[in-house]
Amino acid sequence: MAEKNRDNQDNIIKMFNDIAKTYDLANRILSMGIDKLWRKKACNMAFDFYGKRKLDLVVDVACGTGDLMIDWEYVGANKGISISNIVGIDPSVGMMEVGKTKIPHRTFIEATASSIPLDSNSADFISISYGIRNVVDRVDGLKEFSRVLKKGGLCIILEFTKNNKKNFSSKLTKFYMNNLMPHIGGLVSKNKDAYTYLPNSIENFITSKQLCDELKSVGLEPIFVKGYSLDMSTTFIARKI
Ligand SMILES: C[S@@+](CC[C@H](N)C(=O)[O-])C[C@H]1O[C@@H](n2cnc3c(N)ncnc32)[C@H](O)[C@@H]1O
């Protein structure tokens, strides 16, 4: 990775370490709890697309404080699906420290998306919720997902994607993200910069179509793409071919 990108990535990781303790509370307030529904829905759909009752390994990259790992476990259990291993990967030790208190019986590994210390063709699912935007070397990360996934395995991405529409709902979403989010997030976390980074990083992120093209370029074929809550959050499911 070039030095400028490395510095940028290090700053992002430091920022998540700084806000780790208040991250969950800020999330619940800012999304009014809807983020939990988006994650659960994605898990339900992935299990339905995959169709298997026994999974060897689910890897949650950018696992942060472990919310999606918890959903994989509970949504799976509710559907009678067993998962032998759920592993969380994140370069922020602070975020994972919080996660370990919430789901202590699962494994957390300090690593980035572009350097996952797991065997090739070993995972049934690789997920990443609200994390791919923070991966500076994103295409290398997606290549790594493709390497670790089994053939036919699913890559599940949840992200706030850039919305180029100019309708009322997109204006409303932008107003919320640019004007309210930095203040509310800043108040809860005492770190306004972190919650100013969020809308800026969405603005600078690629569109859904571009992300689908990148997925295809690494051998992950999109099979489901849908925006939720005024297209604020988009769920992508892609299959390793
Ligand atoms: C917005 S949080 C999302 C956490 C969690 N997945 C969730 O849904 O709440 C973004 C996470 O991405 C992690 N992250 C930043 N850069 C990363 C990278 N290069 N590879 C993997 N994770 C990264 C951060 O440490 C942080 O925990």
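Colleague: What distance separates a nitrogen atom of the ligand from a polar backbone atom of A62?

Modeller: This is a predicted model, in which local features need pLDDT of at least 70 and side-chain atom pairs count only at pLDDT 80 or more, while totals for chains, interfaces and linings use all residues. Residues are numbered from 1 along each chain as its sequence is written, and side-chain values use heavy atoms, without hydrogens and water. For a polar contact, a pair of N or O atoms must lie within 3.5 Å. For the ligand nitrogen and the backbone atom of A62, the distance is 2.7 Å.

Colleague: Which residue has a side-chain N or O atom 2.7 Å from an oxygen atom of the ligand?

Modeller: The side chain of Q9 has an N or O atom 2.9 Å from the ligand, but the ligand atom there is a nitrogen. The side chain that lies 2.7 Å from a ligand oxygen belongs to D90.

Colleague: What share of the ligand's accessible area does the protein cover?

Modeller: On its own, the ligand has 590 Å² of accessible area (Shrake-Rupley method, 1.4 Å probe).

Colleague: Which element gives the largest share of the shell around the ligand?

Modeller: The shell has 18 residues (a heavy atom within 4 Å of the ligand), and Q9, Y23, A62, D90 and S129 come nearest. By class they are nine nonpolar, seven polar and two charged. The largest share, four residues, comes from α1.

Colleague: How many residues apart are the salt-bridge partners D56 and K150?

Modeller: A salt bridge puts a side-chain nitrogen of Lys or Arg within 4 Å of a carboxyl oxygen of Asp or Glu, and the whole structure has 16 of them. In the bridge between D56 and K150, the N to O distance is 2.6 Å. D56 is in strand β1 (residues 54-61) and K150 in strand β5 (residues 149-159), so the pair links distant parts of the chain, 94 residues apart.

Colleague: Which element gives the most residues to the lining of the largest cavity?

Modeller: A cavity is a set of points on a 1 Å grid over the protein atoms alone where a 1.4 Å probe fits but cannot get out; the structure holds one of 30 Å³ or more, with a volume of about 190 Å³. Its lining (an atom within 4 Å of a point) has 14 residues, with T161, T173, K174, M177 and I202 closest to the centre. Both α6 (168-189) and α7 give two or more residues. With five residues, the element that gives the most is α6.

Colleague: Which element gives the most to the lining of the second largest pocket?

Modeller: Of its 13 lining residues, R133, V136, S201, N204 and F205 lie nearest the centre. The elements giving two or more residues are α1 (3-31) and α7 (192-203). The most, three residues, come from α7.

Note on methods:
On a 1 Å grid over the protein atoms alone, a cavity is a set of points where a 1.4 Å probe fits but cannot get out, and a pocket is an open set with protein on both sides within 12 Å along at least five of seven lines; lining residues have an atom within 4 Å of a point. A polar contact is a pair of N or O atoms within 3.5 Å; within protein, one must be able to donate a hydrogen and the other to accept it, and residues adjacent in sequence count only if both atoms are side-chain atoms. Ala, Val, Leu, Ile, Met, Phe, Trp, Tyr, Cys and Pro count as nonpolar, Asp, Glu, Lys and Arg as charged, and the others, Gly among them, as polar. Grid points are joined across faces, edges and corners, and a volume is the space filled by probe spheres set on the points.
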